[in-house]
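User: I would like to learn how to read a model such as this one. Please take me through it feature by feature.

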Amino acid sequence: MTPGEMEMVEVFTSEGKGRGLKAAKEFWAGDVIFAEPAYAAVVFDSLTHLVCHTCFKRQEKLHRCGQCKFAHYCDRTCQKDAWLNHKHECSAVKAHGKAPNENIRLAARIMWRTEREGGGLTEGCLVSIDDLQNHVENFGEEEKKELRADVESFLNFWPAQSQQFGMQYISHIFGVINCNGFTLSDQRGLQAVGVGIFPNLCLVNHDCWPNCTVIFNNGKCHFLIPHLFLSDTRIELRALGKISPGEELTVSYVDFLNVSEERREQLQKQYYFDCTCEHCQKGIKDDLMLAVKEGENKPSQDVVKEVLQFSKDTLEKINKARSEGVYHEVVKLCRECLKKQEPVLGDTNIYLLRILSIASEVLSYLQMFEEAAGYAKRMVDGYMKIYHPNNAQLGMAVMRAGVTHWHASLIEAGHGMICKAYAILLVTHGPTHPITKDLEVMRVQSEMELRMFQQNEFMYYKMREAALKNQKIQVMPEPTNEASSGLFHTKQ
């Protein structure tokens, strides 16, 4: 955060929440309130050879560090930029014989930076690493056991020649990582690839219906935020609508697509606080998320209970089939579940929406676009009634539905959805984010196709058919088995 950005926000004591941040000036939808490079960040264990350890972009071919053989980089530039943070890690990995897990690596990077700069306030930070909340006193027995194991692994990895830290401080750092580690995504924003610590972001409190969103941006952003010319890897806190001076800045730590009771349980378990936001206190939108069919054929409570249990059991089976890559089994399970749900659950019921989302994603991957488009349309219609109009997850879902319709030759509906998604992502991701740029290309292309379709429908289908014969159809990305865990990365 630059001096200019630091003047745009104020640290204050938020009633019942501890410290928070409030706006010092007026903001509008899409405004970047502040951008912040990571204090320290690492790539996930499973992706260390697939993702650049500097910019967190997925690349086909990466250059390996010749010394430790562990770190991977896009090119010499990324390798050079990494050296300050990788120097000690490099020799420690060599001495240890192998790289430890991501939690240990992140803790070590934080402590090497602390050794270099001291534990006090770093330039551009509103709070020091030492003063961040760690919640160690709230840990249950299992978490304490994991903490002891992490501390022991850290001490085995930490070099004797580096500054030695006390057990309490090491525990503090692991506590900070546990409840403040922010999930980093690849350049398209579609896959979680790493975890980082961003001290200023840690000051932003939670609200289930927030006025801000935060995204990880590893694209170039020279004209929008000139002072970050040398730092392409950063988080951006962006306003979702008008924010008045003095108003608290909030983000949502968890996906809104859960009833208030479940969101509160998740927040208590992962972040150790009771959510008292208006949406939780009043149960706003809970009725939509639990909707059942109305009218003459309104189902009995017993039937609703039975269908909900069947949905939960099916979701477990689906997760297993997805993890094994058995996608035709996923489709079969979704169709069976929808058959049970459709006469009983309302169009906005979250269990119906979850099955529709999975069915549309997996069918698109299998290139069964027409059936996928029907499910995607229903999913988007339900999401629109539940999510904040400028919610990033809504934008991504509408984008996915638009692309599915486009592939299914439903060009009018597809173009409409792509335009809607573009409008949302302009606010949540900004015009320079790689995924917004991808979407702009799709928007222009689908608009040209729509014009052609409207002028001569017969010729449009002929040209499309010829084009598809001559080029390999664009395959949708393989579905991931990751449930949305929320804003911050917590150790599973």
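Analyst: Start with one residue. Tyr 272 has 12% relative accessibility and therefore counts as buried; buried means under 20% relative accessible area, exposed over 50%, and partly exposed in between, with a 1.4 Å probe and protein chains only. This is a predicted model, in which local features need pLDDT of at least 70, side-chain atom pairs count only at pLDDT 80 or more, and totals for chains, interfaces and linings use all residues. Residues are numbered from 1 along each chain as its sequence is written, and side-chain values use heavy atoms, with hydrogens and water left out.

User: Where does Tyr 272 lie, and which residues is it in contact with beyond four places in sequence?

Analyst: Helices (H or I, at least four residues) and strands (E, at least two) are DSSP runs, numbered from the N terminus. Tyr 272 sits in the loop joining helix H6 (260-271) to helix H7 (278-282). Contact means heavy atoms within 4.5 Å. Beyond four places in sequence, Tyr 272 has contacts with His 135, Asn 138, Phe 139, Glu 143, Asn 178 and Leu 267. Phe 458, by comparison, is 186 residues from Tyr 272 in sequence and 60 Å away in space, C-alpha to C-alpha.

User: Is Thr 348 buried or exposed?

Analyst: Thr 348 counts as buried because its relative accessibility is 5%. This residue belongs to the loop between helix H10 (327-341) and H11. Setting aside residues up to four places away in sequence, Thr 348 touches Leu 288, Met 289, Ala 291, Leu 353, Gly 382, Lys 385 and Ile 386.

User: How should I read a nonpolar core?

Analyst: In soluble globular proteins, nonpolar side chains tend to be buried together. A nonpolar core is a set of buried Ala, Val, Leu, Ile, Met, Phe, Trp, Tyr and Cys residues joined through side-chain atoms within 4.5 Å. Here the largest one has 140 residues, and the members touching the most others are Ile 33, Ile 110, Met 111, Phe 154, Leu 237 and Leu 249. Helix H11 (residues 350-365) contributes the most to this core, 10 residues. For Ile 110, the contacts beyond four places in sequence are Tyr 39, Ala 40, Ile 129, Ile 173, Ile 177 and Ile 197.

User: How many disulfides are there?

Analyst: A disulfide is a pair of cysteine sulfur atoms within 2.5 Å. The search of the whole structure finds zero. Cys 52 is in none, and the nearest cysteine sulfur, from Cys 74, is 3.6 Å away. Cys 212 is also in no disulfide, with the sulfur of Cys 277 the nearest at 15 Å. Cys 52 counts as buried because its relative accessibility is 0%, and Cys 212 counts as buried at 2%.

User: What are the overall proportions of the protein?

Analyst: The protein has 16 helices and 12 strands, and 54% of its 492 residues are buried. Its C-alpha trace spans about 70 × 55 × 50 Å along the principal axes.

User: Which parts call for caution?

Analyst: pLDDT is the predictor's confidence in each residue, from 0 to 100. The protein has a mean of 90, with 91% of residues at 70 or more. Over residues 221-231 the pLDDT is below 50, and this stretch has 19 contacts in the model beyond near neighbours in sequence. Where pLDDT is low, the predicted coordinates should not be read in detail.
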